[in-house]
Structures are given as C-alpha cells and as structure tokens.
Amino acid sequence: MRINVKVNGKDYERDVEPRTLLAYFLREDVGLTGTHVGCDSSSCGVCTIVMDGDRAVKSCTMFAVQADGHEITTIEGLAQGGKLHPLQQGFWDQHGLQCGYCTPGMIMTAYALLKRNPSPNEPQIRDAISGNLCRCTGYQNIVKAIAQASKELAAPSAAREAVKA
Amino acid sequence: MSITTDGHHEKHALGIPMKRKEDPRFIEGRGRYVDDITLPNMLHMALVHSPYPHARIKNIDSSAALKVPGVLAVITGKDLEGAKLAWIPTFHGMDKQMVLAVGKVLYQYQEVAAVVATSREAAHDGAELVNVDYEPLDPVADPFTAKADKIILRDDRDNKTNHIYHWEVGDRAKTDAALAASEVKIKERMWFPRSHPAPLEPCGIVADMNKATGRLTLYITSQAPHAHRTVVSLVTGIPEDKIRLVSPDIGGGFGNKVPVYPGYVVAAAASVILGVPVKWIETRTENLTTTGFARDYHMDVEIGAGKDGKVKALKVSTIADHGAFDAAADPTKYPAGMFGICTGSYDFPTAFTDLDAYFTNKAPGGIAYRCSFRVTEASYAIERGMDLLANKLNMDPAELRKKNFIKKEQFPYKSPLGFVYDSGDYHATFEKALKKIGYDELRREQAEKRKRGELMGIGISTFTEVVGAGPSKYFDIMGIKMFDSAEVRIHPTGSGIIRTGTKAQGQGHETTWAQIVAEELGLDPQNFLVEEGDTDTAPYGLGTYASRSTPVAGAAVTLAARKIRDKARKIAAHLLEAAEADVEWKDYKFQVKGAPAKSVTMAQVAFAAYTNPAPGTEAGLEATYYYDPPNMTFPYGAYIAVVDIDKDTGGVKVRRFLAIDDCGTIINPMIVEGQVHGGLTEGFAIAFMQEIGYDKSGNALHTNFTEYLVPTALETPHWETDSTVTPSPHHPLGAKGVGESPNVGSPAAFVNAVMDALEPLGIRHIDMPLTREKVWRAIRDAEANTAKV
C-alpha cells in the first residue's frame, strides 16, 4: 500500500506491506534507527514516537498504514540547528541514561507529556513514563531530567542548577 | 612549529561527577545497536521452538515453510551434525549443549530449527510452518524430582543420572560439631527463585562471511567479545585471525549477554555456508524463555550461636536447578561460583557449604545476573539467616550484626571458606546508615504501630561482595586466565585513545577510563576516545560482567598510563636538560626537583615523543598492560529498607530505602550513584515482582513483559544513597567495583523488612517474589491459625 507520512518535517512516500509496523517502517524504510524495538507485547516503550505533535505512541502498536497522512516526530527530530532539545540536555545533565536503549522512547514520551502539561510534578512525571521500562537507571534520574527540561522550557536559564539542588 | 600545551589538565579528573562522554549519541538516537546494522544482501533468520518441555522429535517437515516466498532454507539439528555444530561446549567445560535439538527436546521453547529468508517477515512466516512431529515424554520440572532419577533427561551422557555435580568447601565435621554444641540454632529452607536479567535490547547477531577474504565478521550482543571469538574458533576450526567480533552499543546486559546462544551459532553457520550476511534478532519471548536465567537455588541455611548472639558456625546446603544443560557461566574451578562468600560480613569461627546441581526440563543458564557468580544467592542466605537468628534470640538485628562483624583491624581477613577479604570497616559504614535513617526513631515508631495492629517493618542487609575475577592462579574460563587489558596511546597533540578488553553495556567506561588516564597523565579527559568491543583493535580481555571491569581493566588502564608516565619522564628529562632521577611528577607535570619553575607538561612531552624523542628512546608514547589481579576485591554495603504493609490487600509499600555503599576509591560519583539506583531497582524487582516460573508440567509461565513483571517508574521506590570509602589495598587506584552490590545486597533488605513487619503474626519466612497475593495469603493463614488456637 502506498502511504505518505511526514517524519520530522520531511515527507516520505513509500509502498509498504499492510502488516508493516510503524516501528519497522521508521527503522527500515525511513532509516531512522533511534526508534528501538524491545518486546513483543507493547510493554516496554522503547519504540515510542510522537504523533501529530503531542501524542506519545508506541510505534509497535500501529501499522505504518495507520500513520498515512500523519506527522511523526522521532528522537532524531528533536535537536534543532545543532542545539539539543532541553529534554536531551536534561537526560545528559542528570545522568538519565546508561545503556541508552530506552532513552529515545523515554524522551519522546516526556516530550508529549510536556506538550500537554508543561509543569508536571513528580507523580505526574512518573505516571506519564510508566509505560516506558528502563532496566539501568531506576528512573530517579530520568524524573530529574524531565523536571529540568520542564523548568528550562518554562524559563530558559538556571534550570539545571535548580534541579541539582 | 612550536610546542603547544593543548590538552594539559591540571585538575583532579578522578572522583568528579563528569558528565558521560558516550551520552550525545544516545540522546540523539544515534547509538548503534546490533539490530541497527544492515548489510548488502543481508538475509534474516527466525527460530522454531518446541511447545513441549520434554519430547522425542519424530520428524521435521520443512516443505510448507520452504514454499513461503522468500524462504531460502530450513536448518535442523541434523544439518548441523554434518558440520559438527549440533552441540557446543558449555562455558566451564563440564557439559555440552544442543544448538538445534537432535533426538529430544529438553525444555519448552528449545530451538528446534532455523528458517533463513530474504526478510524478517518471511523468516517468521516460514518458522510458523515448520511442522515438527513430537512424542511427548514425562517432564522433570524440579530438582527434587530430578534427584530421584526415575526419568533420565540426558541420554547423551555416559552417566545415567540427573545429578550434575557435588561441590563443597569448608570443614564439615567441625561445622556439624559446632552447630550441635550451639546454644541457639536456626535452620530455614530458602528458595532464591529463577530470575532473568531481561535487558531491554534482546540478543542478536549479524553474521557476515566474506568468502573473498575468508573472514567471518560477527556483529553481536556480547559482553565478552574476545572470549567469544576464541570459542568460535575452537568450535568451528576457523583460524582466530579470520574471525572478527564486533560488539557495538549494547542495550543492557546484566549477565544475559555472556553465554553463546543457538541463534548466534546458526546465523554464523548459515552465513559461512551461504556467503552472505545473516541477521538474527531475538524476540522478547525467546529472550525470557531460552537465554541465560539466574539463581534457582534451594538453600538450607543453618546458623549456630551462643546465647549472647556470638555466631559459632554456618552451614548452607543447596540444591541447584540448572535446567537442561549445565550452561552456568562460572569460572572453571568454581562450579558454584563465589558462593563461598556466604559467611558474609561476619566472623564465623567455622563454616561449611555444599551444593548438588541437577538437570531439569527447563531452559539452561545459571548466569551471573548483575552478580559476581552466585554472590547474590550467598548474600541472601546469610542476611536472611542473620535476621532469623536475631528473631530467635529476641535481639535487635542491628545489635546482632554489630556483635558479629569482622573488625576493621582483622583485615586482611581469611574467611573460613577460603577468601581473603581485602579491606573494610563494617562498623563505621553501618553506624552511618543507622544514623542517617534514624534507626532508633523508626523502631520507636514501629513499636507504637504494633500496639495499634499496624504492620511496619525495618529490614537490614549488611552484605559483603567478592568481585574482580580474578587472579590467574585460580580463575579461568575454558582455560583462558581471567586477566584484563588496556592499551593507551597518546597522540602528538596530547589527545589519545584508550582501548580495553572489557565491553560496557551502560556502565560508562568511555567516561571513567578517560578520567583515569587524565588523572594519571595530567591530560584533559575530554580529549580521550575510549574504544571497546572490536576484537581487531582492542587488546585481549575477558569482558564485562561480575563487576570485573573497574577492578581488573580499570587497573590495567591505570598501569598502562603509568608505563607511559615512566617513558615520558625520560623525554621530560631530555627536554628539561636534567638527569632523569632529578625529574619528578608533581601537580600533574614533570618538574626538576627543587626548581619547580623548570617544568614540562605531558602534552609537551607527547609532542616531543614524536618530534624530538630523547636520544636512545623509541619514538611514540603508548603502552599496553595486561593486569593479573593479586586478589579479588570485596565491596560491601549497609542497606536499610522501611516498609508498610496493608493487611487487607497484602500490598507492600517501600517507604524508605537507604543504601550506603563502600566500593573503595570512587572514579565518578555520578556514575556510581546511577549504578546503585539501577541495581536497587533490579533487587526490588526480584524481591517483589520478577520470576521465571514453570508449572508442574514444565510449561513456562513468564514468557513476555505482561507476565514477567519489570518495575515501572510508578512502583519503583525513591532511593537514598551515600558512601564510605575504604580503598582496596591491592588495586592501583584502591577501587573495588560497584555495579552489582545493590542487586546483591538489596533483596535480603526488602525481605527482612517484610518479615519484620509480619513478625507479630508469627510469620517466619516467605520465598520471593513477595507478591501482593503471597503476602495476603500468609497474613490470612496466620490469622486463621491464631483463630484456631
């Protein structure tokens, strides 16, 4: 089937098998391997992308054909003009990642959260990322990373120091 | 051209929370994991699995699979027999394991056939259509049934028994006598259930045989690339120089990526035969049902003590469930790993431990899941045992521990089971923990709550680990000594490259190795590239698992840098026009003794090494070091958990958890804290959620992430961490390793806390995982018993 999907601002017109999952479409047809695959049951969230600006979607739960006509943002689309997105900066500053495998999905989930709720508290952050598993960090620094990004987006300044303290 | 001082670094690089150098690629989605690799003409492979735990294979019919468009080949065990690849040796060489089943299947989900196709989808479609005719056999689903030898699982072995081996250490007669003479005794059967590391990236391989060059390149999820290259060479007969293993970014390992799995072997064999690349990426179900599990020890723990609480003797007898093959990843001379650490942090005059391992119809493994070879089981046994003893003595478990700790002045301490502990100050670390958590206040609060019938518990674990395998005299895997190595090269302009035989899977070596070299040489850590995992370029090493990277490879990095400093001193003397003996390394540069104004930096020396080498010295500035540790290192910790239990639901809320770790010298406190957070979360998972279970017929019960429960951000507690620093006397930096301590030490703290809460109900012990249902049932049963009385 022929589909047209906008990924990170660029149009991709491709022929796909109807059963192709969006995750594999992004990884193999578009060539964006930052979106990972980690389970067979839509449990782990490493494949999370953002659809139409503010919806976090596990891209293994959708067929590529269902994304026809939609806009997708992946981890590769976050940094702009060589500058990291505040979430990426937050994960780096707060040691919010170790092996890096869950990181893209985790950041995209957080991206959708901050679009909908720019100033989440800790329980809200933990609730939002509860569909994304991480085996390395114990989540604590991920929560800090998202809090830093939230502050940075609200008042781009001394957010980093504020979260550390 | 003048000498530049670029790269000179006059600050401490060790002990600072430097942000990780590896992170930029991960946060931008530019990491490269095995499944991200696509090669021209690459084929895909999928595996066919047995639905039966124990069955004879009568026939395999591939005809329908071969009709699927894109399917090129179906490979069975019989095909592999021709290539002598149907069986491969297990890691410690005491057994062999099937690659694809021949004759019989021995566990549910065992690999029976492989389908190679032009796409992943076609390969999986084909695998669905391979028709295998089985004759089901009675299964052996637990080691106690196995012990009876009524059904013999392994008809390929000469010994017609399910018993694999007996192992023991210590003085049995003395221990039995001391137990018999003890005034107070406890004895408890504890099962540390089967668990699984479940890294979020499943295992996988892209095998690429280039028939023109004769070289086989394997991109593989490997925690031990060099060891795996040697195994591939030994098993296949392909010369080792014709094999290149590349372990790219690894999405978590935790021991799961140490063994060699059938999927790797078949994909490599298929590539060798077909001459094109073949990719195999595991599904989550395959990961949980077929790859290296951990634990599964049934332990009888006995402690004898005086009325005053002084311990007299420890005995632990274990029945181990090894599954279908003895594929436990332990050093050759240690079939039960480091289980002998079971005397823990306590000064036992005598001890004895023995273990019998059995085959069952379950997946093989017995890997060190975030643990230095069975240390987790041992720590759990002793830390639970100490709490049971405190309970029997009616003594505070903190008091009992303080009474029995090995004292600071007893180090180096020889344990009754043969380890020589390097260093520790158990009392100081524990006191810090008690103070920090407000132990006395918590006990007062608990007493109040008990009066009201509320269930609150405080659990302690003051464990000692043994890591950093290991001294070549004792430690080898398949004969290869367990040293590790580092190569450090300094470029003319003062930057450089560090390569080691280890392979990080999230531990942050790209940062910590750079910090070590920067500290030793006065160069900027940002200017060092760290490269691991490519056997063509990295020096030979045994890999990253069992908390061995910092104790072994970290020492190698340090000593390679010091070799460079020794050579640099000669060049510095030449530049300073001074005698070498008059040149000292001070404040991160070379100075003439007594004339500190006359100095050169390492960056200046590096430039001179290539542009103006000292007469009689070789040009260049690089060194390689193979480090053979003189002893293991013994990190330890004091952990305290506080829980509240809802009587009506059995739900356990971990209110607080404090972990004080002592891992010796700290290279990067941010990374250490991150490791502790992660390890505690896995310990929490093991204590409360994770289990690889089987029913009585040997059917796997936890085959995906909806059944095998990994904690999310919602249930994971908030972790409080701190440290004390007792350097290792024999490690060149004093470092001991930390990645596994929190996973080793925390399960007992959680379980002790829950049992402490349930103590007023007369509940002694519940095996993990302490699910809501299990706790609820225990409370209901206890209440029913009370009502009867």
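Author: Gladly; below we take some terms one by one and set each against this model, which is a predicted one.

Reader: What makes chain A a chain of two domains?

Author: The bounds come from an automatic or database domain assignment, and for chain A that assignment gives domain 1 (2–77) and domain 2 (86–164). Their C-alpha centres lie 22 Å apart.

Reader: How do you know which residues of domain 1 of chain A are in contact with domain 2 of chain A, and how many are there?

Author: Two residues are in contact if their C-beta atoms, placed from the backbone, lie within 7 Å. On that basis 17 residues of domain 1 of chain A are in contact with 14 residues of domain 2 of chain A. On the domain 1 side, β3 (48–51) and β4 (55–58) of chain A are the elements that give two or more residues, and β3(A) has the largest share, with three. By class, that side has seven nonpolar, eight polar and two charged residues.

Reader: What do chain A and chain B each bring to their contact?

Author: Each brings 41 residues. On the side of chain A, at least two residues come from each of α2 (86–93), α3 (103–116), α4 (122–128) and α5 (140–154). Helix α2(A) gives the most, four residues. That side divides into 19 nonpolar, 16 polar and six charged residues.

Reader: Now to chain B. Why are β3 and β13 of chain B called edge strands?

Author: Strands pair if DSSP finds at least two bridges between them. The open sheet has seven strands in the order β3-β7-β1-β14-β11-β12-β13 of chain B, with mixed pairing. Strands β3 (71–76) and β13 (243–246) of chain B each pair on one side only, so they are its edge strands.

Reader: How do you know that β3(B) is paired with β7(B)?

Author: The cut-off is at least two bridges. Five bridges join β3(B) to β7(B), residues 111–117, and the two run antiparallel; the count meets the cut-off, so they are paired. In this pairing Val74(B) stands opposite Val115(B).

Reader: Which strands does helix α4 of chain B touch?

Author: Helix α4(B), residues 120–129, packs on the sheet and touches β1 (43–49), β3 and β7 of chain B, its direction making about 25° with that of β1(B). Helix α8(B), residues 262–274, lies across β1, β3, β7, β11, β12 and β14 of chain B, at about 20° to β11(B).

Reader: What makes a residue such as Val557(B) part of a nonpolar core?

Author: Val557(B) is one of the residues that touch the most other members of the largest core, which has 310 residues. Helix α15(B), residues 549–576, gives the most to this core, with 13 residues. Leaving aside neighbours within four places in sequence, the contacts of Val557(B) include Ala486(B), Val488(B), Ile498(B) and Trp513(B).

Reader: Where do domain 1 and domain 3 of chain B meet?

Author: Here 17 residues of domain 1 of chain B are in contact with 18 residues of domain 3 of chain B. On the domain 1 side, α14 (509–521) and α15 of chain B give two or more residues, and α15(B) gives the most, with seven.

How values were computed: Residues numbered from 1 in each chain as written. Chains lettered and ligands numbered in written order. Predicted model: local features only at pLDDT ≥ 70, side-chain atom pairs only at ≥ 80, totals over all residues. Nonpolar A, V, L, I, M, F, W, Y, C, P; charged D, E, K, R; others polar. Axes fitted to C-alpha atoms, helices over the stretch in contact; angles between N-to-C directions. Core = buried A, V, L, I, M, F, W, Y, C linked by C-beta atoms within 7 Å. Buried ≥ 20, exposed ≤ 12 C-beta atoms within 10 Å, placed from the backbone.
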